[in-house]
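The following questions and answers examine selected features of the model shown below.

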Amino acid sequence: MRTDICEMFGIEFPLLAFSHCRDVVAAVTNAGGMGVLGAVAYTPERLEEELRWIDDHVDGRPYGVDVLVPGRIDESAERAGRGEGGLGTMLAAVPREHWRFLAGLFEKYDVPPPDLDRARRSRGRGGTQVTKEGATELIEVSLAHPIRLIASALGTPPPLMVDKAKAAGIPVAALVGTAEHARRQVAAGVDLIVAQGGEAGGHTGEISTMVLVPEVVDTVAPVPVLAAGGIATGRQMAAALALGASGVWCGSVWLTTEEAETPPVVKAKLLAATSRDTVRSRARTGKPARQLRSAWTEEWEGPESPGPLGMPLQMIVAHGAMAQIDKIAETGNPGARELANYFVGQCVGLMNTVKPARQVVYDMIEEFADALDRLNDITGAD
């Protein structure tokens, strides 16, 4: 398998794995693909620790980092993140009605509430990393390690990311949901485009992968394109290459692997879910993100809700709450189990068994080869 992506990174398979779990990143890299660590809302100290661990476990093989640098965030949060009191002023930007609504949710579902003061402080620190200033620190930490790719998860990468990465000889990738977004990314200096269809987990647009990938490929040629969005099998990988992509970018499929960071209750819900059990919602981050439908997403869209805040204020509200929900769900609390969810794409209906991440890679490549054999049989090719 010698696509542009294989040549660019020196990898055996054109398969990039996005994961918040360092174990998955290392496992996929060591299996012949390339892991990409999602560093959304990490503190610089935490990111440094994670990257040092990966360095020690991949023996020089290539891996990447994905940093969220939104072009537009809640203006009050941006001002707070720049201010002297940073954390305190950002927390103060969250309206009281949202804290009251959150407390009401815990009461309604009979879930012991977290220490909201502690949750606010904890998530406030993470939320500040989603300001432009906070993301800059994560970029600098990432480029101090022997990474082979840095990706902008949301919006056009800032000039600082592009300039510093190019100076270090590191390709820059960016995720897009439209051809126009892809055109802007290439103009900004991006080396690799990830065309992510609306089936994807996490932040995503509305155009389907089947439509988006060839449109983006034609728009940015000869810049290589990775297909993303609901891809979890080798057959889909073969289809992506047939659409003109040079490889695939997968995220959701790793959530049910043995190494995944997914809480056990959530993993069980993912294994039982169908492709119809996801929803695009602003309930966790403030921007539309596909996730498992649950009481959490339903309540934030319901008539009693004050409505999700913008990013990163909604992250401040949601993160500590979701950590408590996951913790209590493990005790068997039925209300917490109803509320528990996680980011996942529509391919969740294909994720029915728990396997090591390495085995997922091998299964996808074997199925990819079978798909090519089938096409050769159809065309009569040798």
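Two strands are taken to pair if DSSP finds at least two bridges between them; helices (H or I, at least four residues) and strands (E, at least two) are DSSP runs, numbered from the N terminus. This is a predicted model, in which local features need pLDDT of at least 70 and side-chain atom pairs count only at pLDDT 80 or more, while totals for chains, interfaces and linings use all residues. Residues are numbered from 1 along each chain as its sequence is written, and side-chain values use heavy atoms, with hydrogens and water left out.

Q: In what order do the 3 strands of the open sheet lie?
A: Strands of a sheet pair through backbone hydrogen bonds, either parallel or antiparallel. Here the pairing is antiparallel. β7 (202-203) and β10 (278-281) each have a single partner strand and stand at the edges, so one side of each lacks a neighbour in the sheet. The order is β7-β11-β10.

Q: Which residue in β11 is the bridge partner of G202?
A: β7 pairs with β11 (residues 289-292) in the antiparallel sense over 2 bridges. The partner of G202 in β11 is R290.

Q: How far apart are the end C-alpha atoms of helix α17?
A: α17 (residues 357-379) has 23 residues. The expected span is 1.5 Å times one less than the number of residues, which gives 33 Å for α17. The separation in the model agrees with this: 33 Å.

Q: Which elements are included in what covers the buried residues of α17?
A: Buried means under 20% relative accessible area, exposed over 50% and partly exposed in between (1.4 Å probe, protein chains only). The buried residues of α17 are A357, V360, V361, M364, I365, F368 and A371. Their cover includes β1 (15-19), α2 (22-30), α12 (234-242) and β9 (247-250).

Q: Are α2 and α17 parallel, perpendicular or oblique to each other?
A: Axes are lines fitted to C-alpha atoms, for helices over the stretch in contact, and angles run from 0 to 180 degrees between N-to-C directions. The two axes of α2 and α17 are 8 Å apart, at an angle of about 40°. Angles under 35 degrees count as roughly parallel, over 145 as roughly antiparallel, 65 to 115 as roughly perpendicular and the rest as oblique. The relation of α2 to α17 is therefore oblique.

Q: With which residues is A357 in contact, leaving aside its neighbours within four places in sequence?
A: A357 lies in helix α17 and, at 0% relative accessibility, counts as buried. Contact means heavy atoms within 4.5 Å. The residues in contact with A357 are A27, V28, W254, T257 and E259.
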